Amino acid sequence: MSQVITIQPITRIEGHASIGITLDDNGNVADAKLNYQSLRGFEKFVEGKPAEEVPRIVSRICGICPWHHHLASNKAVDGCFGVTPTPTGSLLRELMQTIAHAEDKLLHFFFLAAADFVIGPTADYAVRNVIGIAQANPELATRVVKTRQMAKMILDKFSHKTIHPVAGVTGGFAKPLLEAERVDILAKMEEILDFALFTIGFAKKEIFPKYMDAIQTLGVITTGFLGTVDDDGALNLYGGRLRMMRPDGTYTDFDPKDYVDYIGEHVEPNSYGKYPYARFWNEGFSMDLDQPRGIYRSNTLARINVADKIATPRAQAELEEFRSLFGRPTQATLLYHYARLIEEVYACERAIEILQDPDITNPNVRAKVEPGAGRGVGCVEAPRGTLIHDYSTDANGLITRANLIVGTTHNLGPMNMSVNQAARSLIKEGQVDEGILNQIEMAVRAYDP
Amino acid sequence: MTVKVASDWLNSCSGCEISIVDMGERLLEVLKVAQFVHLPALMDHKYFGQRGDGHHISIPEADVGILSGGLRNQEHVEVAEAFRKSCNVIIALGTCATHGGIPCLANTFTNQQIQQRYYTTETTDAPGAFPSDGLPPLLDRCMALDEKISVDIYMPGCPPHPDHIFSALVALVEGRPAVLPEKSVCDTCPTQREGKGQLKSLRRFLQAPQYGSAAEPLDQMRCLLEQGFLCMGPVTRAGCGGDGILPRCISARVPCRGCYGPVQPHGNQRLDMLNALASNGIDIGALPESVSMLRFSGAHGRLRPPLP
């Protein structure tokens, strides 16, 4: 008789999702799916609102990455009103976004993902978590908590509100950075960079070598990749061109404002969330493990795969080492974690660069703004993937139409496939236990949804 | 003594949970006296058993249940009811749980309108039917927690400040009632009030307010409402600044939008604000819409679709 296994909720992730596995009469996997259960309707309910208010509304899409929604939205509103932010306004936005990346990656690696590797994928769930890590290694836990808090409190102290920020405004930023603040933040970012380098060194020595077998197999699928690069093809988190790479490594670059020509969204009957795919490949959409169609991934591994290089020295050195081990592009899903730690180094280095830009303390942070009719597409790389906000406004500057593609959404198809792949390879002849079910979840957790 | 805590997020963004993490090193103190038995953000306890073979949502017994997010679908209601059964004290954490929060802006549209837009955007291959296989059905509107279960402690905020989450948890462990701010944002705002004077209408927030140098403290700046910007401080519960008191958004030189919900638990932020403006002779016709005044507190039937 067939059996249904429901893993719900998927834990140590940011969203609301479950996994449904159906076993056939022989106890092998007949079907395994990820169900995405959240539907809130931001695209609809921002209609009619003054566009300049929307960056303070859509931040509530995600409380882990509100800066990214807040800033993609601000960029879209700038576009609607035809305003270019002042150079310092843009720099301050990028500074906040980059530090938010640095904070987020520490949160994901240590608070959400690490327990699977440090405590062990099949350990008792009561200790397989950050609380277990704190008990097993209080010294490391204290350092993690302090450093992550330091990054978060930079944002909190300067912008005054970091969960659901308000300091990004149409035309730039709400307040300038004072020289004393710059010096203070710079010193803290140097310290966080030290910790980022410690973390990637620790992971390369103590974690990844132990899990090489799992890295080569768990949740591995074949897909394309999407990420943002600058004019030189280097990784960029705040803006630039979008690059869509095919599984064979060839790629197409395009302006984010043209995203509709490149990306489509497929709807499945079992998920409120939609499934973006590369529409311009003209091969349709399929999550078939052997012959996927239109499937690409976003988030750290995708960005590391599509970038030709990284413009900061320490992150570039890490990228070179990574590529020498795994090639380009690599499809190994668990390498999202490794790629995340490379980006952590980049985010710290980039924040330091911005803080050393003489323009960063210029008091001219906000351009003059007149509301009006227009269209704007705002795009940034959120921790969980490429984030697109696309709005139209009427003559009064009220939103008439909004389309959003948020970071995690790009990975819904790939996560489904990774779950399917992991379930099929781990569950055989009815042999299933808690450890196996957690390993299937690890295939999801790598994407940091 | 150790207090058993269960926590979950419903129709939420996870900002409240991040605010818990933002207690920083105090979190490590809390973990010494609180034993978490269910916490999807950080630990792996499952609704349907650890092997996924159960048929009913099961939440372990706990002294304290913390729920963030409002109610948007049937499963949210089932989880909330399971929490009520298993927990002695229920805390509604965050404005979504206490007053509906931003997701309740959806309540000015029907579910049909929302799904129609979401599944027909310019990038979407419109489906024959909206997804429903094995999915929890949507409620007919987005609700606050107490529209379905009784709540013992209301802790609004988008998100609630870590200082207050910490002090409330410590109070619960010590068996004392949690003490939370009850004044208005204006009561805790140090900006200079000189009277509304000649102010006759309000402006949208499209330019920076007047103030001296950026280094000047907040008490040197004139009240943003008196400068002609819509600021929801008069009708919003204080607390966003935590133990540091100063309101967060106003400190960033940006007007308040009301994220802690109404000053009185059952107050109506839009009605109270419109009354306050009208009694000062300030024209509200210049503002393009007023739904946004209820952007944080649209549950309890305050926001509804317009009559056909």
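**Close-up views of a predicted model**

**View 1. Helices α3(A) and α5(A) cross in a left-handed sense.** Left-handed here says that the near helix is turned anticlockwise from the far one by less than a right angle. This is a predicted model, in which local features need pLDDT of at least 70, side-chain atom pairs count only at pLDDT 80 or more, and totals for chains, interfaces and linings use all residues. Residues are numbered from 1 along each chain as its sequence is written, while chains are lettered from A and ligands numbered from 1 in the order in which they are written. The axes of α3 (residues 87-118) and α5 (residues 138-159) of chain A come within 9 Å and cross at roughly 155 degrees (axes are lines fitted to C-alpha atoms over the stretch in contact, with angles from 0 to 180 degrees between N-to-C directions). The two helices, α3(A) and α5(A), are therefore roughly antiparallel (angles over 145 degrees). Helices are DSSP runs of H or I with at least four residues, and strands are E runs of at least two, numbered from the N terminus.

**View 2. Here is where α3(A) meets α5(A).** Look for M96(A), I99(A) and F110(A) among the α3(A) residues, and V144(A), A151(A) and L155(A) among those of α5(A); contact requires C-beta atoms, placed from the backbone, within 7 Å.

**View 3. Domain 1 (3-173) and domain 2 (183-303) of chain B come from a domain assignment, automatic or from a database.** Their C-alpha centres lie 28 Å apart. Domain 1 of chain B gives 23 residues to the contact and domain 2 of chain B gives 18. On the domain 1 side, α4 (95-99), β6 (138-143) and α6 (162-173) of chain B each supply at least two residues.

Conventions. Parallel < 35°, antiparallel > 145°, perpendicular 65-115°, else oblique. Contact = placed C-beta atoms within 7 Å.
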